[in-house]
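I opened a new page for this protein and wrote down what I looked up, one item at a time.

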Amino acid sequence: MAKQCDIALVDCDNFFVSCERVFRPDLEGKPVVVLSSNDGCVISRSKEVKAMGIKMGVPWFQVKNQFPDIIPFSSNFPLYADISSRVKCLLAEFCPIQEVYSIDESFLDLTGFSDVWNRAFAIREACRRQLGIPVCVGIAPTKTLAKLANHIAKKHPRSRGVFSWNRLTDEQKDRIMASLPVDEVWGVGRRLNESLNRQGIRTVLDLVKADRAVMRRRYGVVLDRIITELKGEPCLDIVEVHPPRQQILSSRSFGKPVSDFEALANAVAYHATHVAESLRKERTLANLIQVFIETDRFKTDRPIHCPQICLAFESPTDNTSTLVRKAVQGLEKIVMEKVSYKKAGVCVSELEPKDQVNQDFFTEVDSPVICRVMDDINRRFGSGTLRVCRNDLKNRDWRPKTDNISPAYTTDFSQVPECK
Ligand SMILES: [Mg+2]
């Protein structure tokens with residue numbers, strides 16, 4: 001018999017809300033939500049909010065009057081990203097093979113450890129004690145089952161946050177699969193779920209017991225792989241390093257409509273700066289830059305104007321000044337006077353790994369010293385401490401609404417919490 005794999009999925013509980021609570025322990029046990037940009041929709045809910053029946057993605061204005069006790073936060077991504085990387089670093093101490101699957105989920109390959117069960121509890125304990133972040137761990141022979149096991153760990157308090165598929169008898173596995181609707185399976189989306197339901201496949205067990213040949217013919221190789229994984233045979237590998245991204249985008253809706261060119265240029269420069277930082281972090285260079293602005297698509301009484309332009313660099317680059325200059329040039333070409341815009345963004349594409357770029361006379365193979373200094377200073381003293389002058393702080397009317405944002409506790413010295 002093949003040796004048993006122990007794949008763990010570590011998933012942070014309502015991650016954004018948990019990040020907010022790290023610095024606001026007084027909010028433990030209270031209903032808390034985190035909102036999307038411009039305080040639009042609910043994107044993270046505490047347990048208490050879930051219990052009120054409030055669904056993911058509902059507009060905040062529909063909720064806030066009906067439930068005045070809920071405490072809202074504007075999203076604070078610098079905080080969440082920083083805590084996320086602390087969680088990943090901590091997990092690396094427990095397992096060298098980690099696939100960072102999302103901001104709040106990692107797969108760990110615990111195969112070969114003699115103490116998998118205890119290690120899972122140790123992970124949970126360490127995340128809670130050292131970082132203040134509650135996590136659940138699901139263990140199984142495959143990634144798809146680890147996802148299911150994690151779901152069970154979250155739903156059932158008796159599991160104390162850890163659930164192992166590998167400790168179940170065949171009969172217990174069948175009973176659990178018969179109790180779970182098929183759309184709990186990783187990779188079964190709404191449309192596939194509806195189609196499967198029409199075939200009489202409603203539970204996970206129905207799917208596992210379905211006729212393989214029929215399933216393969218009707219739904220193809222992807223569902224076939226899911227079924228194989230549900231039967232406990234791995235077909236999805238742990239991906240430790242994801243291939244570099246093909247494009248990097250930064251865009252945001254404005255807090256209020258903007259028609260002033262300087263303010264628009266400021267927003268575009270802000271996004272170009274952000275993109276340049278990502279390029280340097282990922283050690284890639286961009287060949288193309290696209291700039292776009294949009295009027296409000298929902299204001300039907302006014303003409304809709306959504307121009308965009310794509311410009312090429314003379315040589316691939318990750319230089320902030322070059323990106324900002326090019327982005328503002330692009331903006332000058334597409335902007336119309338006296339039009340109020342609602343959104344702006346910058347996207348770079350045709351990316352190349354820095355170490356593979358042909359070195360000719362014109363290529364900046366290394367980021368100029370000034371960019372490296374900028375990155376260092378901004379890392380130490382907070383994002384935006386040193387920036388190009390177009391990306392000016394005074395001119396920030398366009399910034400999205402963030403009425404309820406918490407401080408950047410961990411990434412900006414001026415906002416570090418103080419003991420009173
Ligand atoms: Mg989560």
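Entry 1. I started with cysteine 12, which has a relative accessibility of 4% and counts as buried, because buried means under 20%. I noted that the model is a predicted one.

Entry 2. Next I looked up the metal site. Which protein donors does the magnesium ion have? I found Asp11 (OD), Cys12 (O) and Asp104 (OD), lying 2.1 to 2.5 Å from the ion. I wrote the spacing of these donors along the chain as D-C-x91-D.

Entry 3. I moved on to glutamate 99. I placed this residue in strand β5, which covers residues 98-102. Is glutamate 99 buried or exposed? I read a relative accessible area of 3% for glutamate 99, so I put it down as buried. I also looked for what the side chain of glutamate 99 reaches, and found the backbone nitrogen of valine 239 at 2.8 Å.

Entry 4. Which residues make the nonpolar surface patch of about 230 Å²? I listed Val369, Val373 and Leu386. I took valine 369 from this list and found it in helix α13, residues 369-381. Valine 369 has a relative accessible area of 54%, so I marked it as exposed, the cut-off for that word being over 50%.

Definitions and conventions: Residues are numbered from 1 along each chain as its sequence is written. This is a predicted model: local features need pLDDT of at least 70, side-chain atom pairs count only at pLDDT 80 or more; totals for chains, interfaces and linings use all residues. Side-chain values use heavy atoms; hydrogens and water are left out. Helices (H or I, at least four residues) and strands (E, at least two) are DSSP runs, numbered from the N terminus. Buried means under 20% relative accessible area, exposed over 50%, partly exposed in between (1.4 Å probe, protein chains only). A polar contact is a pair of N or O atoms within 3.5 Å; within protein, one must be able to donate a hydrogen and the other to accept it, and residues adjacent in sequence count only if both atoms are side-chain atoms. Patches are made of residues with over 30% relative accessible area and no salt bridge: like charges are joined within 9 Å, nonpolar side chains (Val, Leu, Ile, Met, Phe, Trp, Tyr) within 5 Å. Accessible areas come from the Shrake-Rupley method with a 1.4 Å probe; for residues, only the protein chains shown count as cover. A salt bridge is a side-chain nitrogen of Lys or Arg within 4 Å of a carboxyl oxygen of Asp or Glu. Donors are N, O and S atoms within 2.8 Å of the metal (3.2 Å for Na, K and Ca); water is not among the atoms, so sites may look incomplete.
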